[in-house]
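Here is a friendly tour of one model, written for someone who likes cut-offs spelled out. Have a look at the sequence and the structure, then read on.

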Amino acid sequence: MRRLRSQLAGALVSLLVLAAGATGCGGSPEAAGGAGTPGTTAAADRVEPLPDTPQPRLPVTVRSADGREVTVRRTGRIVPLSGGLSEIVFTLGLGRRVVARDITATFQQAAKLPVVTRNHDVSAESVLSLKPDLVLAEQTTGPAEAMDQIRAAGVPVLVVAPAKGLADVGPRIRAVAGALGVPAAGAELTRRSEQRIAAVRETVPRHRGKPRVAFLYLRGSASVYLIGGADSGATSLLEAAGAVDAGAASGLTKDFTALTSEALAQAAPDAILVMSKGLRSVGGVDGLLKIPGVAQTPAGLDRRVVSVEDGVLLNYGPRTDRVLASVVHQLYDGGPAA
């Protein structure tokens with residue numbers, strides 16, 4: 001998924017392609033809570049646009065993360081090719097200009113838009129049929145041939161640097177806002193997002209120690225079980241929640257490594273962080289405990305599992321405060337995992 005991608009590393013995206021039939025990425029049907037509202041996955045379903053709709057000032061020329069100079073003359077028809085980029089456009093207040101979505105854009109306001117990905121690969125024909133003025137892409141968006149076909153048709157394509165941690169929230173918002181000709185709105189949204197994240201961080205209990213949390217990527221239908229390391233993208237989120245990334249702390253330097261009993265024993269997690277659909281794919285917490293080695297960890301013994309919806313967990317965007325609030329609530333207050 002690209003939450004996931006719009007958001008996970010390339011290796012994870014490849015695994016999502018393999019498991020696409022059973023994975024998907026979706027939000028919860030409940031209404032969204034306010035910023036910083038403790039909860040589980042309910043807050044993931046809607047985005048909260050800025051109160052005033054900005055008016056783009058065009059044309060603009062910006063530098064894409066792939067090194068190209070991109071000139072944007074119109075933004076009446078926007079196609080963001082990840083859930084994270086869609087989230088930014090909608091939250092900036094320009095959602096009415098979005099004409100399509102990636103399969104990972106599952107929040108309520110985008111749910112009825114046509115999907116222009118096939119098993120997480122972009123369909124150039126589907127994108128071009130919508131006559132976009134601008135395409136927003138991640139560095140992992142592909143295949144390359146499809147992206148080249150879109151560029152060859154004369155459509156501006158802005159590639160945005162990937163989200164790897166909390167420090168990327170502002171730069172990604174500002175990159176998208178700059179290409180849309182609304183830099184002031186980008187600055188406003190960056191301030192709001194960073195202030196809300198800071199407010200949630202203040203709620204982290206300081207007297208409970210630092211729990212070790214292992215981030216597991218699960219797709220039971222494809223028998224894919226991985227443990228996140230230093231490059232998984234979860235370290236920053238866990239540290240903000242007052243925790244230690246158990247995989248990274250145990251010496252795992254890659255993004256994801258095959259899950260083994262030995263790796264779990266070395267990580268010795270007090271809690272396990274998973275994506276909600278991954279947890280459901282293995283049969284919930286009971287099924288998770290049947291994976292070799294999990295039940296023997298402190299997390300398994302205590303059934304301490306933190307579950308966050310796939311489509312927002314690692315986006316590092318305008319809803320990251322809600323994700324962080326959910327992790328903090330589940331980690332310290334015992335909120336239920338799905």
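H2 and H6 are roughly perpendicular to each other, a label given to angles of 65 to 115 degrees, with under 35 degrees counting as roughly parallel, over 145 as roughly antiparallel and the rest as oblique. In this predicted model, helix H2 (residues 83–94) packs against helix H6 (residues 183–201) at about 110°, and their axes are 10 Å apart. The axes are lines fitted to C-alpha atoms over the stretch in contact, and the angles run from 0 to 180 degrees between N-to-C directions. Helices (H or I, at least four residues) and strands (E, at least two) are DSSP runs, numbered from the N terminus.

Which residues of H2 and H6 meet? Ile88, Thr91 and Leu92 come from H2, while Ala185, Gly186, Leu189 and Arg192 come from H6; contact means heavy atoms within 4.5 Å. By class, this contact has 4 nonpolar, 2 polar and 1 charged residues. Here Ala, Val, Leu, Ile, Met, Phe, Trp, Tyr, Cys and Pro count as nonpolar, Asp, Glu, Lys and Arg as charged, and the others, Gly among them, as polar.

## Aromatic pairs

There are 3 aromatic pairs, counted when ring centres of Phe, Tyr and Trp (its six-membered ring) lie within 6.5 Å; planes under 30 degrees apart are stacked, over 60 edge-to-face and the rest tilted. The rings of phenylalanine 90 and phenylalanine 107 have centres 5.1 Å apart and planes at 75°, so this pair is edge-to-face. Phenylalanine 90 lies in helix H2 and phenylalanine 107 in the loop between H2 and strand E4 (117–118), 17 residues apart.

Both phenylalanine 90 and phenylalanine 107 are buried (under 20% relative accessible area; exposed is over 50%, partly exposed in between, with a 1.4 Å probe and protein chains only). Elsewhere, Phe215, Tyr217 and Phe256 form one aromatic cluster.

## Two residues up close

Threonine 320, in helix H13 (residues 320–333), is buried, with a relative accessible area of 3%. Beyond neighbours within four places in sequence, threonine 320 touches Leu166, Val169 and Ile197.

Alanine 248, in helix H8 (residues 246–249), is partly exposed at 26%.

## Confidence and conventions

The chain has a mean pLDDT (the predictor's confidence in each residue, from 0 to 100) of 88, and 86% of its residues reach 70 or more. Over residues 1–44 the pLDDT is below 50. Where pLDDT is low, the predicted coordinates should not be read in detail.

Residues are numbered from 1 along each chain as its sequence is written, and side-chain values use heavy atoms, leaving out hydrogens and water. As this is a predicted model, local features need pLDDT of at least 70 and side-chain atom pairs count only at 80 or more, while totals for chains, interfaces and linings use all residues.
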